[in-house]
Amino acid sequence: MKKTSSEEYTVPSGLTYLAALSWRFLAIAGVIAVFIFLIMYLKTVIIPFLVALLITALLYPLMKFLMKKGVKKPLAVAISIVSMIVIVSGLGFLVASQIRGAYPDLQARGTVIFENTRQTLSNEPFNISEQEIDGYVEDVTKYAQENSSTLASGALSFGSAAVHFVTGAFLVLFAVIFMLLDGRNIWRW
């Protein structure tokens, strides 16, 4: 610090500049932290809205194509959304049918793997008898029965997640409909 003629101390200009810069960085970090907190707090609304933006961007060209062919806008939106639902449902059905078709083979493989594991554990170097293995299986079954309340709370948690998913899906559908119908005016508002 420099002494002036009146015996006062002055702050160097570099330190003043760094102090002003650090306050700006703190303000920016605070705004970012509040923004992240709001996103986490409002994730039930924000995530479906972002998904709706993506779906709208994917359906918009189809809607515009239908409108160029002379289809009215509300009908073009309905056709676009219904076609998306049909395609996604068809893909889900295809995956489910593939899993259902492979289930017997998967079950047979699981049984073979279980028996091979029992055989391996009963041989050298493990030398675990089949009675001991059966005892371990009974212990696991007993543990599951004793802790059924914990397993039930896990099932309730899954049910809660399913409710959140369905709510999010309806929010996505609602947002997509309105963004396709009147997207430009939504952004102006």
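What percentage of the 189 residues of the chain count as buried? In this predicted model the share is 11%, where buried stands for under 20% relative accessible area, exposed for over 50% and partly exposed for the range in between, with a 1.4 Å probe and protein chains only.

**Notes for all views.** The model is predicted, and local features need pLDDT of at least 70, side-chain atom pairs count only at pLDDT 80 or more, and totals for chains, interfaces and linings use all residues. Residues are numbered from 1 along each chain as its sequence is written, and side-chain values use heavy atoms, with hydrogens and water left out.

View 1. The chain has five helices and two strands, which are DSSP runs numbered from the N terminus (helices H or I, at least four residues; strands E, at least two). Its radius of gyration is 31 Å, whereas a compact globule of 189 residues would have a value near 16 Å; the radius is taken over C-alpha atoms, and the globule rule is 2.2 Å times the number of residues to the power 0.38. Along the principal axes, the C-alpha atoms fill a box of roughly 95 × 70 × 30 Å. The chain exposes about 15,400 Å², of which carbon and sulfur atoms supply 72%, the areas coming from the Shrake-Rupley method with a 1.4 Å probe, and only the protein chains shown counting as cover for residues.

**View 2. Ser 80 in helix α3.** Ser 80 is buried, because its relative accessible area is 0%. Apart from neighbours within four places in sequence, Ser 80 is in contact (heavy atoms within 4.5 Å) with Leu 59, Leu 62, Met 63 and Leu 66.

**View 3. Thr 56 in helix α2.** With a relative accessible area of 10%, Thr 56 is therefore counted as buried. Its contacts, once neighbours within four places in sequence are set aside, are Val 176, Met 179 and Leu 180.

**View 4. Val 112 in helix α3, which covers residues 73-122.** Val 112 has a relative accessibility of 46%, so this residue counts as partly exposed. Between Val 112 and Leu 38 there are 74 residues of separation in sequence and 51 Å in space, C-alpha to C-alpha.

**View 5. The largest pocket, with a volume of about 430 Å³.** A pocket is an open set of points on a 1 Å grid over the protein atoms alone, where a 1.4 Å probe fits, with protein on both sides within 12 Å along at least five of seven lines, and lining residues have an atom within 4 Å of a point. Of its 17 lining residues, Phe 165, Gly 168, Ala 169, Phe 170 and Val 172 lie nearest the centre. Helices α2 (43-68), α3 and α5 (148-188) each supply at least two lining residues, and the largest share, nine residues, comes from α5. The lining has 13 nonpolar, three polar and one charged residues.

**View 6. The second largest pocket, holding about 240 Å³ of space.** Among the 15 residues that line this pocket, Tyr 60, Met 179, Asp 182, Gly 183 and Arg 184 lie nearest its centre. Both α2 and α5 supply at least two residues of the lining, with α5 giving the largest share, eight residues. By class, the lining divides into eight nonpolar, three polar and four charged residues.

Technical notes. Points joined across faces, edges and corners; volume = space filled by probe spheres on them. Nonpolar A, V, L, I, M, F, W, Y, C, P; charged D, E, K, R; others polar.
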